[in-house]
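Here is a brief report on a single chain. Read it beside the sequence and the coordinates.

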Amino acid sequence: MVFVGDERFWDLVWPDVEGLVIDAVDVVGNAVWIDLHARQQTVTCPSCGVTASRVHSTYMRRLADRPLGGRRVLLRLRVRRFFCDNRLCSRRTMAEQVPSLTTRHRRRTTALARMVQAIGLAVGGRAGARLSGYLPVRTSRDVILGELRKLPDPASAQVRVLGIDEFAFRRGATYGTVLIDVETRRPIDLLPDRTADTVASWLADHPEIEVICRDRCSTFSQAAARAAPDAIQVADRWHLLRSLARAVERTAHQHRVCLRKDAETGETDQPQEPSDPASLAALIGPPEPSDPPDGQLLARVRQWHTDIHQLRERGWTISRIADRLGRDRKTVRHYLTTDLDQILASARERRPNGHINRFKPYLQQRFRGGATNAAALFRLRLCRLSPVEPGRGRLEQSTLPGDAACGGITP
């Protein structure tokens with residue numbers, strides 16, 4: 001069926017569009033094809049604003065529109081190209097645009113673009129692509145995300161409580177800073193990096209901020225102290241719970257032997273002197289050096305952190321940095337992805353040979369008593385100080401007559 005010059009059809013379906021003439025309407029399968037052209041005689045140059053009326057040429061433009069009656073709607077719009085008669089203008093020709101219907105470089109009408117944007121805002125890209133097949137609207141995840149990127153950024157209001165955190169453009173390589181209005185729970189800005197200067201520059205333009213909610217990163221604390229000294233700095237709930245959970249986990253791990261002993265029933269026998277000290281041959285080596293002082297350890301951690309980040313900024317890979325500094329690749333990646341404050345906090349709690357330190361008083365007592373066989377002392381430590389459950393591959397302490405499994409040392 002064909003309709004020529006039927007403007008009532010256009011007024012019923014698209015009342016917000018004016019200045020168009022329908023040439024034909026054809027139904028082909030599950031699609032409705034509409035041929036039309038604009039009836040305006042002049043256009044305005046987008047560069048200089050001069051009105052143009054001389055036609056240069058015409059071409060056919062295909063546009064997808066909102067579905068009608070369960071069918072896809074496709075427009076064949078005959079577009080004219082006009083001359084710009086302003087000699088001072090750099091633009092020589094221009095194509096006409098129909099208000100409320102077309103925009104430059106877009107293959108769908110403005111109404112359909114708003115529909116695709118609404119789908120993307122409601123359910124996202126992948127789910128929106130699946131939903132659009134039932135409307136019916138032909139689109140894809142990339143098209144939906146592209147339409148969302150064309151939306152203007154919402155105007156940011158006055159921010160009283162600001163949330164600052166980092167996010168990854170590319171995990172382990174490039175990081176930025178996200179700024180969130182805590183009261184409305186909406187992101188307000190994205191910064192290209194996570195340096196103190198960039199954050200301080202943004203804070204200087206927003207003096208209305210009263211509270212800054214951040215993590216334990218020293219970069220954000222320095223920026224807040226420099227640009228917003230009157231703002232109150234608080235730790236957000238997620239980082240507080242995460243830090244508490246990690247502290248509890250580390251404490252439980254360090255005292256797991258004590259917790260295991262408390263869970264056991266029965267009394268524990270006290271160790272006795274070895275029965276035959278002369279039969280012990282191998283001697284324990286010299287005493288281990290004392291732990292380095294905290295200042296020396298923290299200074300060494302800071303120097304590693306500085307060297308690794310300087311080499312990374314020069315474009316070095318993780319493997320090359322590890323070879324250059326003589327460190328493991330996992331260590332280099334840990335220093336690149338973890339805040340310096342967290343590394344320093346972990347270094348303060350770390351001590352070398354932590355597994356043997358808790359047994360030093362007992363081992364020194366046995367060594368001074370004549371038990372100088374290191375292998376026997378090690379087996380005694382396993383049998384006497386680190387018991388296991390029955391049936392786990394080792395005999396119980398009560399089934400060791402004479403403690404023969406412990407090198408002849410009777411506990």
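## The loop between E7 and H2

Ser-100 sits in the loop that runs from strand E7 (93-95) to helix H2 (110-123). The model is predicted. Phi of Ser-100 is near 65 degrees, a positive value in a residue other than glycine. Ser-100 counts as partly exposed, because its relative accessibility is 40%.

His-105 belongs to the loop between E7 and H2 as well. Its phi is near 60 degrees, again positive in a residue other than glycine. His-105 has a relative accessible area of 70%, so it is exposed.

## The chain overall

The chain has 411 residues, and 31% of them count as buried. Its secondary structure comes to 15 helices and 12 strands. Take the contacts between residues at least 6 apart in sequence: 51% of them join residues at least 24 apart.

In soluble globular proteins, nonpolar side chains tend to be buried together. Here the largest nonpolar core has 18 residues. Leu-162, Ile-164, Val-199, Trp-202, Leu-203 and Ile-212 have the most contacts inside it. At least two residues of this core come from each of E8, helix H5 (196-204) and helix H6 (218-227). H5 gives the most, with 5 residues.

Another core lies apart from the largest one. This other core has 16 residues, including Ala-38, Leu-63, Val-79 and Val-98.

Strands E5 (residues 55-68) and E6 (residues 71-83) run antiparallel, joined by 11 bridges. Tyr-59 has Val-79 in E6 as its bridge partner. Val-79 is also among the residues of the 16-residue core.

## Strand E8 and Ala-168

Ala-168 is placed in strand E8 (residues 161-170). It counts as partly exposed because its relative accessibility is 34%. Leaving aside residues up to four places away in sequence, Ala-168 touches Thr-174 and Tyr-175. Ala-168 and Asp-193 are 25 residues apart in sequence, and their C-alpha atoms are 9.5 Å apart in space.

## Salt bridges

Side chains of opposite charge can pair when their charged atoms come close. The whole structure holds 10 salt bridges. In one of them, the side chains of Asp-23 and Arg-78 meet at 3.6 Å, N to O. This pair links distant parts of the chain: Asp-23 is in strand E1 (residues 20-28) and Arg-78 in strand E6, 55 residues apart. Asp-23 counts as partly exposed at 23% relative accessibility, and Arg-78 does so at 37%.

Which residues does Arg-160 pair with? One is Glu-183, in a salt bridge of 2.6 Å, N to O. Glu-183 lies in the loop between strand E9 (174-181) and strand E10 (186-191), 23 residues from Arg-160. Another is Glu-210, in a salt bridge of 3.3 Å, N to O. Arg-160 is in the loop between H4 and E8, while Glu-210 is in the loop between H5 and strand E11 (211-214), so this pair ties together parts that are 50 residues apart in sequence. Glu-210 is partly exposed, with a relative accessible area of 42%. Shared partners also join Arg-106, Arg-108 and Glu-147 into one salt-bridge network. For Glu-183 the relative accessible area is 46%, so it is partly exposed. Arg-160 is partly exposed too, at 36%.

## Around helix H3

Val-123, Leu-131 and Leu-135 make a nonpolar surface patch of about 220 Å². Leu-131 is in helix H3 (residues 125-132). It counts as partly exposed because its relative accessibility is 39%.

Leu-135 also takes part in a cis peptide bond, with Pro-136. Omega there is about 0 degrees. Pro-136 lies in the loop between H3 and helix H4 (141-149).

Terms used
Residues numbered from 1 in each chain as written. Predicted model: local features only at pLDDT ≥ 70, side-chain atom pairs only at ≥ 80, totals over all residues. Heavy atoms only, no water. Patch = residues over 30% accessible without salt bridge, like charges linked within 9 Å, V, L, I, M, F, W, Y side chains within 5 Å. Areas by Shrake-Rupley, 256 points an atom, 1.4 Å probe, with all protein chains shown as cover. Salt bridge = Lys/Arg side-chain N within 4 Å of Asp/Glu carboxyl O. Helix = DSSP H or I, 4+ residues; strand = E, 2+ residues; numbered from the N terminus. Buried < 20%, exposed > 50% of the residue type's maximum accessible area, 1.4 Å probe, protein only. Contact = heavy atoms within 4.5 Å. Pairing = 2+ DSSP bridges. Core = buried A, V, L, I, M, F, W, Y, C linked by side-chain atoms within 4.5 Å.
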